[in-house]
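Here is a protein to look at from the inside.

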Amino acid sequence: MPPTRDSGCRRPTQRPDTAPQLPCDQPGCNRWFRNLSGLTKHKRTTHLSFSHPHQSFPDHGELLGSSGEEDPVADTTPMLPKHAFDDYQAEVPLDPEHEDMRAEYVGSSGRLYCNYHPGLNARRCDARGQFLPANAPPPPRAEKALDDWTPYRNRLEFELADFLFTHAEMPARKIDTLLDIWAASLIGLGGQPLFTNHTDLYRIIDSTCIGDVKWDNFTIRYTGEEQGSERAPWMSDGYEVWYRDPREVIHGILASSEFTDKLDLVPYREYDVSSDQRRWQDFMSGDWAWAQADRILHDDPTTAGATLVPIILGSDKTTISVATGQTDYYPLYLSIGNVRNTLRRAHRNAVVLIAFLAMPKTTREHANTPAFRKFKRQLFHSSLTRILSSISRPMKVPEVVLFGDNYYWRVIYSLTAYIADYEEQVLLSCIVRNWCPKCRGHRDNLDEGALRHSREHCDTIIEEFELRQAWDSYGIVGDVVPFTNDFPHADIHEMLSPDILHQLIKGGFKDHLVEWVERYLIHVHGRVEAEKILDEIDRRIAAVAPFTGLRRFPQGRHFKQWTGDDSKGLMKVYIAAIEGLVPKDMVRTFRAFLEFCYLVRQNVITEQTLTEIDGALRRFHLFREVFRNAGVIESFSLPRQHAMKHYHYLIRQFGAPNGLCSSITESKHIKAVKRPYWRTNRFQALGQILLINQRLDKLTAARADFAGRGMLNGTCLSQAFEVLGPGTDETHDQRHSIEECANAAGDSEERTASYEEESGEVIDDQMAVDAHVSLAHRYQRARARNVGALATELGVLDLAHLLRHFLQSQLYPNDLRDPEDIPYQECPVYEGRIRVYNSACSTFFAPSDLSGIHGMRREHIHSCPMWRNAGPRFDCIFIVTDPQAEGMCGLDVARVLCFFSFKYQGTFYPCAVIHWFDRVGEGPDEATGMWIVRPGYRTRNLRNIAVVHIDTIYRAAHLIPVYATHNIDSRDIKPHCSYDMFHSFYVNKYADHHAFEIAF
């Protein structure tokens, strides 16, 4: 059944009665087991030898380097004093295996427990770095008054500034026009607008103190030897890099009240009580964080009690405009591994723009010279070293940082992960294109088993071989020094994270498999016949029924500008569209690939999931041979496809890959680069982009501060009415009218070559249940108002009998008889008024999809006679029929014919009229992996109709016709009539990640 939400809550709970009873007898291990075999397996695999040499405490001044000089970056945060640990030497653990490991049960149901690292265990301290007792209150701080809106005068002023600058993105001239109109309307009343003009607005925003990390810059020039007699132009140019101090940015993240209870401060290992299986989710649950804490303690035992802050970087070039000229930028982003994945993916401020890297250009004559290519590589790495220089010292010696909970903590940083596509990974790891940045496999046969790359291995190759041999035989660029060589415990090969978007979605799926299908059709059928088959595939894709979040391709998939969303949308429907037009093994190849993609994209990955991932990869490697056997492809030595082999290891290292995907940074491009660019006048736009981002950060920080103090509850309007009091009936009606207008407003999306029919909503509220369905706020006054009229409208003549059976089951739940076996004359009668609704809203726990910070997502289930003037839309749904069973064994599929409600004996009944679908077969289709269903019928070919309570509805379901079994011309199919023209359908488990997790 649906996944639980325990993973999102890390509050300790009491040990449940069903907890294992056999403890591990190893000192410091708090693991418990149900049986002796589990205990034995645990001791053989977990308790490896680990010890630290006994050593005296080092002089922290010696850690600055051989010169003894501090970093040139100004340091205003107190570092730990030389003898800060003197009073605590007895507490320093020289062997974590002999230190009491903290273990806690987490989640509301107590099904999970975590073992926390015993050394870097995040102990609170005071401003001098002295540890505090566990129950000590936070140091006293000056509390701001609840009416202190500084630098704004009141809430209205802040909300208007935030709306105009952040949400409306209104240009200065339009702001002036609006304020002029506002001022004119207030002249007769003797009032004034909140701001005089745009200059006044910008001045107030700029005076905000919090969230202010200023931009700085430096210039790098070529200092090497000149090549030949003529000096190339690029050798004389200076390359400017704009950046913000990453240390101050991290301090801002840690100090934000928005993240106070959403940070993991201690490396941990999470287990399921029932199965004793390990679970990987957020970054700190991975092996890397634990091992890094061990390394830090090994090098300096005095770091015990500190808080590990892993630093995550990401960079990628982005093009702003093509029609008006090539306008490119090279942003660099930063996040920290303590932030949980749902927060990082929810487009919050856990991912911060910290730099714009230089992109050197030169004449065509010199663009491809070895000297210029080498300079570009080294410029990139030297820039990163300079930008990150302020965090070099705190990677060795902890510093004291104030967090959002008002406590101080000793913090030690570490370069951890780098989010990048393959082209960027080649640059970062200093390898040759078409080689793997993660392992030593040869480019001619990447999938052959090979050891992992490491900094030590590359250094050895460079020392022992000539540059040309290192390039040709090992794929290593030996004349460039990676930036990670300038920082402790940093290895760029370890840092490179899995990239679902570019490696799997854009690479393996679109650029490889979809392209290979087209090549196969041309190779086997010839171009003319292949074009006809491809047109048929396009028509099948275009005819798919609408579904929330499903991208539509009204003209098929042949358009020039593909985005990541286009590729994701095609993945959801492509396998059903090609079934019957290509060999079965090709369909099986797509199934194995899709299952691999959806498994690694899950928010929580268990040991069982890793086994399934390995199985999907084996099947993919087996079935993809059909393309080589058909002469479509000669070799599978493709770096992006080969990267699939590293996912198992990287999941164990970094947790679930969805928290480190380049889709996060690409989404950040829109907010931090593209939208600010379109607000500039295009002249020296970078400076304007920096200023816009600085103002956006200040507004965001101010909103988080005000919200943290409870000053933004409700809306400006609701607060104004609250101040006025209950008021008269006239003011109540006015308020109701205004709120109705606000609810009716909606955003529209311009339709292009592909578009989303309807997007789901992310919900930040935390819910006590995994799913909840509610009817729309408004009922349809123009539709039926009694049962007889509704029966006529729907063509369900026995609706009154069905409603009586429904009431019988609701009023007498202990009656074990099937309601349909009870004569309808014995059932309750309802002949009153009803209200009909065009939709219902389903809110459910779906952390693997785009969701709120607690993993909640909302979608609308439609059942209306006319949808967007295109035709009727009656969605399908999952109904829970057996809560104890898993997957489709506990769910049934039905189509909603109508939502309605009524009151009977004082009880409100929200209901749905549904048409049941029957499952075909005892399991999913072998080739596609999807269950097949068909509309259900009773005797005399009557539709199997029922009335159900909406509480039995889980969420919407998406069905795709089994095209291969129908002799229907797809030219005649429109999306809104897809469910009516076919008699068998796939239950599309690839519609989204939540559907994949429940429809198995």
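**Cavities inside the model**

By class, nine nonpolar, five polar and two charged residues line the largest cavity. Here Ala, Val, Leu, Ile, Met, Phe, Trp, Tyr, Cys and Pro count as nonpolar, Asp, Glu, Lys and Arg as charged, and the others, Gly among them, as polar.

The model is predicted: local features need pLDDT of at least 70 and side-chain atom pairs count only at pLDDT 80 or more, while totals for chains, interfaces and linings use all residues. Residues are numbered from 1 along each chain as its sequence is written, and side-chain values use heavy atoms, with hydrogens and water left out.

A cavity is a set of points, on a 1 Å grid over the protein atoms alone, where a 1.4 Å probe fits but cannot get out; lining residues have an atom within 4 Å of a point. Grid points are joined across faces, edges and corners, and a volume is the space filled by probe spheres set on the points. The structure holds four cavities of 30 Å³ or more.

The largest cavity has a volume of about 110 Å³. Of its 16 lining residues, Gln425, Pro437, Lys438, Gln503 and Ala643 lie nearest the centre. Helices H10 (422-429) and H20 (639-642) each supply at least two lining residues, and H20 gives the largest share, three. Helices (H or I, at least four residues) and strands (E, at least two) are DSSP runs, numbered from the N terminus.

The second largest cavity has a volume of about 70 Å³. Its lining includes Ala545, Phe874, Asp875, Arg895 and Tyr979. Strand S26 (873-874) and helix H28 (978-981) are the elements that give two or more residues to this lining, which divides into six nonpolar, two polar and three charged residues.

Key:
On a 1 Å grid over the protein atoms alone, a cavity is a set of points where a 1.4 Å probe fits but cannot get out, and a pocket is an open set with protein on both sides within 12 Å along at least five of seven lines; lining residues have an atom within 4 Å of a point.
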